[in-house]
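Colleague: I am new to this structure, so please take me slowly through one part of it, setting that part in its surroundings before turning to other places worth a look.

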Number of protein chains: 2
Amino acid sequence: MSDVSLSLQDAHDLVFKALVANRTSAENARFVADALVAADASGQPGHGLSRVSGYAAQSRSGKVDGYAVPEIEKAAPGVLRVNANYGFAYPAISVALEKLPDMARSQGIAMVAIRHSHHFGQGGAHCEALAEAGLVSFVFGNAPAAIAPWGGKTALFGTNPIAFAAPVPGQPPLVIDLAVSTVAKGKIMTAEKTGKAIPEGWAFDAEGNPTTNASAAMKGTMVPIGGAKGAALAMMIDVLGGALVGAALGHQSTSLFSGEGAAPDLGQVIIAIDPNLSSFGAFGDKMTTMVEAVEGVEGARMPGSRRIGLREAAARDGILIPEQIYREVLALSGQQQGAA
Amino acid sequence: MSDVSLSLQDAHDLVFKALVANRTSAENARFVADALVAADASGQPGHGLSRVSGYAAQSRSGKVDGYAVPEIEKAAPGVLRVNANYGFAYPAISVALEKLPDMARSQGIAMVAIRHSHHFGQGGAHCEALAEAGLVSFVFGNAPAAIAPWGGKTALFGTNPIAFAAPVPGQPPLVIDLAVSTVAKGKIMTAEKTGKAIPEGWAFDAEGNPTTNASAAMKGTMVPIGGAKGAALAMMIDVLGGALVGAALGHQSTSLFSGEGAAPDLGQVIIAIDPNLSSFGAFGDKMTTMVEAVEGVEGARMPGSRRIGLREAAARDGILIPEQIYREVLALSGQQQGAA
């Protein structure tokens with residue numbers, strides 16, 4: 001099957017309609033559509049329109065509450081708690097991104113703890129928004145179990161990402177966003193669907209042995225970066241996204257693709273720091289120096305820099321969506337093909 | 001050469017004397033000795049007595065100011081700045097660990113930004129102290145350049161560690177402490193000294209090619225965990241330990257072993273969070289559940305748990321120090337062998 005080209009507006013309309021047709025409020029559908037279209041436009045299709053059918057299955061069954069309204073409460077001068085109320089993560093993250101800048105500027109450092117939440121997509125995009133506001137930030141969120149504690153065969157921790165961004169004077173922010181598994185699980189899912197082998201070093205089978213068989217890998221666990229180190233980082237992020245906010249731990253959570261089962265109840269932590277306070281104004285020049293140093297190294301490029309060209313191209317030319325995904329989203333939106 | 005067995009007290013006395021004999025105040029020497037002996041006792045000899053000769057060379061030449069007194073200033077309700085004044089890191093970190101708990105409990109989250117600092121040793125030990133006070137914490141610190149930005153051949157970033165700890169009710173804290181390089185650079189230095197080959201995957205040569213030759217590796221760069229991912233994490237930590245606090249960046253810093261050159265001027269960021277505020281009291285039970293889950297996985301163990309048995313053994317039996325290092329420290333202390 002070929003790809004379908006959609007303008008960003010058409011893609012947004014399509015996702016919005018698919019969610020509204022599947023027990024989701026217009027306001028929430030807008031936040032979700034914003035995030036998914038931005039992911040496809042940034043070259044992160046695993047967090048893009050490929051998610052709509054899973055999201056809609058969950059809102060249809062009530063596993064995610066499409067009508068949830070996030071509730072906020074101040075836990076301390078530097079900490080806001082957001083209860084996502086078992087809805088989508090994006091409306092809750094939007095509240096966090098709205099409140100954090102003022103808190104970080106007055107406190108120097110501030111945090112939002114989001115609980116009873118869901119899949120949070122591109123962590124880097126959330127950090128990037130804070131960097132645009134002049135802040136250094138982290139987003140940590142947990143995910144359903146896919147990585148075993150090192151030495152074991154049973155997955156307890158998600159392929160939990162670390163996302164970080166920092167402003168750079170006169171330039172796009174530095175954005176770092178990486179899962180602590182060697183590759184995204186989506187790559188193994190795709191290999192399984194197409195019957196292809198996977199490279200060594202991506203996954204272990206159910207017995208804990210390295211495997212190149214995608215089906216065996218799906219029954220096993222993901223290989224963390226740096227072996228024991230990545231497994232420890234996955235655990236660290238489960239402490240943050242799970243225990244620290246009072247959400248489910250990775251091994252207690254449920255699929256983000258299927259409509260069946262209890263709510264995933266994931267959590268996210270967003271930390272924002274005002275770098276001008278902590279550095280007494282030295283930060284900007286230091287970042288300029290760092291970026292110049294990286295750009296002066298032959299063959300090197302800034303992490304996350306690929307997104308900028310991709311987004312410009314997407315704004316101009318639209319995004320390419322695999323036809324099967326397009327048809328799924330279109331069907332969920334209740335439209336006929338060609339009517340989008 | 002064989003190893004020399006020293007009680008913790010004798011090891012402490014020896015380090016203390018070696019530093020005081022090399023232009024360091026008694027107060028600072030005590031903080032340094034505490035940290036180095038604790039590292040050897042915790043199975044981290046790379047941050048233990050092996051550092052004394054480099055430290056003493058630097059205090060002797062004035063590259064590190066052994067008489068420095070850290071200065072603190074409040075940058076914001078949640079942020080304290082500590083100027084280590086080009087002295088050792090440990091006295092500055094001690095100030096941070098003293099001030100952070102109250103700040104974190106009142107603000108929910110708080111940070112100390114340490115600049116004009118030096119080698120900070122076992123990051124996990126500093127986090128562990130905060131976990132003993134009931135806090136979740138990170139320590140990030142930068143180090144002299146050893147890792148290239150991904151795709152390049154020139155080192156810009158240190159093998160910068162991520163350290164994290166979280167309290168666990170009724171048990172020792174969870175402590176995670178890992179450099180973002182595949183192995184510590186000390187392992188390559190040791191291989192070079194002994195003329196041994198190193199395994200593939202540890203280092204690149206000066207041309208950016210994988211190498212098993214330790215001398216070629218010392219002229220090249222360290223392999224980051226997860227390739228581009230670890231290189232991005234190394235950069236993230238340079239933003240935190242360097243730019244965010246107003247210290248030197250990794251590529252601007254200088255050797256932590258030689259007495260020559262300008263001050264390393266490294267930086268550290270310590271972030272502490274009160275988990276009871278952010279989770280409304282749910283944190284402890286969640287951590288208990290997580291630890292039980294890890295312990296229930298055959299073959300798995302808690303990250304950092306090895307330190308506990310090692311410390312008990314060290315308290316009982318003392319620590320083993322390679323004879324060459326023992327002789328160096330003894331000579332620096334101005335004592336004859338056998339007099340320690």
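**A strand and its surroundings**

Modeller: Chain B can be laid on chain A by a turn of 180° with a shift of 0.0 Å along the axis, and the RMSD is then 0.0 Å, where the copies are superposed by least squares on the C-alpha atoms of residues with pLDDT of at least 70 in both. This is the relation of a two-fold axis. The model is a predicted one, in which local features need pLDDT of at least 70 and side-chain atom pairs count only at pLDDT 80 or more, while totals for chains, interfaces and linings use all residues. Residues are numbered from 1 along each chain as its sequence is written, chains are lettered from A and ligands numbered from 1 in the order in which they are written, and side-chain values use heavy atoms, with hydrogens and water left out. Of the interface residues of chain B, 100% are also interface residues in chain A, so the copies meet through the same surface.

Strand β4 of chain B, residues 109-117, is joined to β11(B) by seven bridges in the antiparallel sense, and B:M111 has B:I271 as its bridge partner. Strand β5 of chain B, residues 136-141, also runs antiparallel to β11(B), with six bridges between them, and here B:F138 is the residue that stands opposite B:I271.

The loop between α8 (228-243) and β11 of chain B holds B:D265, a residue other than glycine whose phi is positive, near 50°. Most residues other than glycine have a negative phi. B:D265 is buried, with a relative accessible area of 13%. Another such residue is B:R23, not a glycine but with a positive phi of about 55°; B:R23 lies in the loop between α1 (8-20) and α2 (26-41) of chain B and is partly exposed, at 43% relative accessible area.

Elsewhere in chain B, an open sheet of three strands has the order β9-β8-β10, with antiparallel pairing. Strands β9 (210-211) and β10 (221-222) stand at its edges, each with a single partner strand, so one side of each is left without a neighbour in the sheet. Two bridges join β8(B), residues 203-204, to β9(B), and B:F204 has B:P210 as its bridge partner there.

Turning to chain A, helix α2 (residues 26-41) and helix α4 (residues 89-107) have axes that come within 8 Å and cross at roughly 85°. That makes α2(A) roughly perpendicular to α4(A). The axes are lines fitted to C-alpha atoms, for helices over the stretch in contact, with angles from 0 to 180 degrees between N-to-C directions; angles under 35 degrees count as roughly parallel, over 145 as roughly antiparallel, 65 to 115 as roughly perpendicular and the rest as oblique. Where they meet, A:N28, A:F31, A:V32, A:A35 and A:L36 of α2(A) are in contact (heavy atoms within 4.5 Å) with A:Y90, A:P91 and A:S94 of α4(A).

Helix α5 of chain A, residues 123-132, includes A:E128, which is buried, with a relative accessible area of 8%. Leaving out residues up to four places away in sequence, A:E128 touches A:A165, A:P173, A:V175, A:R307 and A:R311. By contrast, A:D285 in helix α10 (residues 283-295) of chain A is exposed, at 61%.

Finally, the structure holds zero disulfides over all chains, a disulfide being a pair of cysteine sulfur atoms within 2.5 Å. A:C127 is in no disulfide, and the nearest cysteine sulfur, that of B:C127, is 20 Å away; A:C127 is buried, with a relative accessible area of 0%.

How values were computed
Buried < 20%, exposed > 50% of the residue type's maximum accessible area, 1.4 Å probe, protein only. Pairing = 2+ DSSP bridges. Helix = DSSP H or I, 4+ residues; strand = E, 2+ residues; numbered from the N terminus.
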